[in-house]
Amino acid sequence: MKPQEIIIRPIQTEKSANLKNLRNIICFEVSRKVNKIEVKKAVEKLFGVKVQEVKIVNLKRKPKAYGRYRGYRSGFKKAYVRLKEGEKTIEFFEGV
């Protein structure tokens, strides 16, 4: 898989902002088919940083009701990537 297919998008929430500032951890939504090693290589290649560790969380689908219709919100895989000490943080929205 190409690195662009592995990393789908960064996840920007309050929790991920706190992790980024305090512990140098960045959160991504990743493809459901990848493992930690592939995520590490993709982040290093795309952003030019060194990765210390990767933790992956598999989020299950949730039931959702739309009026009288019932369905499910799709599940996805999240990766928490810790950068090595001294590495620059990845800025997604510069100059906003």
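A residue counts as buried under 20% relative accessible area and as exposed over 50%, with partly exposed in between. Take R82: its relative accessible area is 24%, so it is partly exposed. Keep in mind that this is a predicted model.

Now for the sheet. It's an open one made of 4 strands, in the order β1-β2-β6-β3, and the pairing is antiparallel. At the edges sit β1 (7-10) and β3 (51-59), each pairing on one side only. On average, neighbouring strands here are turned by 30 degrees against each other, direction ignored.

Let's look at one of those pairings. Strand β2 (residues 25-30) and strand β6 (residues 76-83) run antiparallel and are joined by 6 bridges. If you find F28, its bridge partner in β6 is A79. Helix α2 (residues 14-23) touches β2 and β6, and its direction makes about 140 degrees with that of β2. Helix α3 (residues 36-47) touches β1, β2, β3 and β6, with its direction at about 125 degrees to that of β3.

Between β2 and α3 there's a loop, and S31 has its place there. Is S31 buried or exposed? It's buried, because its relative accessible area is 11%. Leaving aside neighbours within four places in sequence, S31 is in contact with M1, E5, I6, I8 and K77.

Next come the charged pairs. Side chains of opposite charge can pair when their charged atoms come close. How many salt bridges does the structure hold? There are 3.

One of them joins the side chains of E29 and R9, at 2.7 Å from N to O. E29 belongs to strand β2 and R9 to strand β1, so this pair links distant parts of the chain, 20 residues apart. E29 counts as buried at 13% relative accessibility, while R9 is partly exposed at 40%.

Another brings K20 together with E91, their closest N and O atoms being 3.9 Å apart. K20 lies in helix α2 and E91 in the segment after β6, so the pair ties together parts that are 71 residues apart in sequence. K20 counts as buried at 18% relative accessibility, and E91 counts as partly exposed at 43%.

That brings us back to R82, whose side chain meets that of E53 in a salt bridge (3.2 Å, N to O). R82 is in strand β6 and E53 in strand β3, 29 residues apart. E53 counts as partly exposed, at 30% relative accessibility.

Definitions and conventions:
Residues numbered from 1 in each chain as written. Predicted model: local features only at pLDDT ≥ 70, side-chain atom pairs only at ≥ 80, totals over all residues. Heavy atoms only, no water. Pairing = 2+ DSSP bridges. Helix = DSSP H or I, 4+ residues; strand = E, 2+ residues; numbered from the N terminus. Axes fitted to C-alpha atoms, helices over the stretch in contact; angles between N-to-C directions. Contact = heavy atoms within 4.5 Å. Buried < 20%, exposed > 50% of the residue type's maximum accessible area, 1.4 Å probe, protein only. Salt bridge = Lys/Arg side-chain N within 4 Å of Asp/Glu carboxyl O.
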